[in-house]
Amino acid sequence: MSAPLRIAVVGAGPAGIYAADILKKSAATSGREVLIDLFEQLPAPYGLVRYGVAPDHPRIKGIIAALREVLESGVVRLFGNVRFGHDIALADLERLYHGVIFATGATKDAPLDIPGIDLPGSYGAADFVSWFDGHPDVPREWPLEAKEIAVIGNGNVALDVARMLVKHPADLMPTEVPANVVAGLEASPVTDVHVIGRRGPLGVKFTPLELRELGELRDVDMILHDEDFGVDPDEETQKQNKQILVISRVLDQWRQREVGQASRRLHLHFWSKPDAVLGDGKVEALRVERTRPTPDGLERTGEFREIPVQAVYRAVGYFSSPLPEVPFDERRGVVPNIAGRVHDGSRPMPGMYATGWIKRGPVGLIGHTKSDAKETIEQLLGDEHSWWEPEDYDADAVPSLLRERGVAWTDIAGWIRLDDHEKALGEPHGRERIKVVPRDEMIAISRDER
């Protein structure tokens, strides 16, 4: 029987864990043993499922159950709190493994190039999401001082941000929202949140489920503008798509509602292209230009409007970060690859693969992540001739290396310990869990060093 195939996976979010699972199952069909090590820079696994999904979305977080099953199946080892390029280098992986799969995702905000976007009071949605999800590497406090806020974007992240800003904190208490986040939201003076999209109401990127949830918010009026509807002559054709039809019906129902009694308002603005963030030393307004449909897309109308706001959040997409010693496409924000094989622009890089958002960009849902991983694994298993040639296997090689470098890594048993601890924190309050936020506390609990 062939020697075990040893693969490192950098990133323990859904992309990395699914890749590990598919690799194990694919290799098993050919009778080959596979040894897989997951390296994750955070002390806990699951990536954006833990730190990029709003806490009031328990259905989406149910994905964690499937991911945990993979982690606890004996398929992989987890080395958490280990930074690639700092605690462990590409040269280390070449010495210890036949290949590496990069699955580091996309966690930064995509830029929005308009005047004033860097004024104080202008924020990236990804940073705000990290804050309300209790990411250990962002400040504990967030400046929630604005009464009127603009959220730029028409995707699900924009809706998450808008919903968290306008929702009453008491309605978040059944969730895993951290205590510091509750305190911040309770002090927020917000009354109005404006969601800005350059396309029409049927051109949004929201999913119907996300949109419906907005209309269920307590003590929040949904404000829509009649001038935004009936603009596109192609509306009836678009409604042949079932998802767009549902979205249209939801929006039409909101237009019939009586408003004026709620203490908070969520405004949806369509056909509105952000033109500039205005203010003298801080955000004071968002200027938008009206757009209209054309047979080829959109055109600007030259009609400008100013929306008074004291804060702006841009939710126009995520962007990946480059990895040390790994090719990176600065324009697209991905590791350049063909079907998952990493390329340096002229040739494939032996032993190096990519999957998930670092492979294709920040688009698609969990289903795309699985198909991505399958494609990458097929390439990897077909490349035996170009794999790295690692040293003889030693199960303690990685732990020894990390101990030598003074890295306090966490493992699967440690994650289970932290998971149990968070659930125990939530139990007296009738909550599923209360998330531990400080990194050092996460590590101490995981390593049982308290």
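Residues are numbered from 1 along each chain as its sequence is written, and side-chain values use heavy atoms, with hydrogens and water left out. Because the model is predicted, local features need pLDDT of at least 70 and side-chain atom pairs count only at pLDDT 80 or more, while totals for chains, interfaces and linings use all residues.

**Helix pairs**

Two packed helices are described by the angle between their axes and the distance between the axes. Here the axes are lines fitted to C-alpha atoms over the stretch in contact, and angles run from 0 to 180 degrees between N-to-C directions; helices are DSSP runs of H or I with at least four residues, and strands are runs of E with at least two, numbered from the N terminus.

| Pair | Angle between axes | Distance between axes |
|---|---|---|
| Helix 6 (residues 125–132) and helix 7 (residues 156–166) | about 55° | 10 Å |
| Helix 15 (residues 412–426) and helix 16 (residues 439–446) | roughly 110° | within 8 Å |

Helix 6 is therefore oblique to helix 7, and helix 15 is roughly perpendicular to helix 16, where angles under 35 degrees count as roughly parallel, over 145 as roughly antiparallel, 65 to 115 as roughly perpendicular and the rest as oblique.

Contact, meaning heavy atoms within 4.5 Å, is made between A125, F128, V129 and F132 of helix 6 and V157, V161, M164 and L165 of helix 7. In the other pair, G414, R417, L418 and H421 of helix 15 meet M442, I445 and S446 of helix 16.

**Nonpolar cores**

A nonpolar core is a set of buried Ala, Val, Leu, Ile, Met, Phe, Trp, Tyr and Cys residues joined through side-chain atoms within 4.5 Å, and buried means under 20% relative accessible area, with over 50% exposed and partly exposed in between (1.4 Å probe, protein chains only). The largest such core has 52 residues, and F128 and Y313 have the most contacts inside it; its largest share, seven residues, comes from helix 7. Not counting residues up to four places away in sequence, F128 touches W142, L144, V161, M164, L165 and Y313. A second, separate core of 40 residues includes A20, V75, I101 and I445.

**H343**

H343 lies in strand 17 (residues 341–343) and is buried, with a relative accessible area of 16%. Leaving aside neighbours within four places in sequence, H343 is in contact with P327, P336, N337, I338, P348 and M349.
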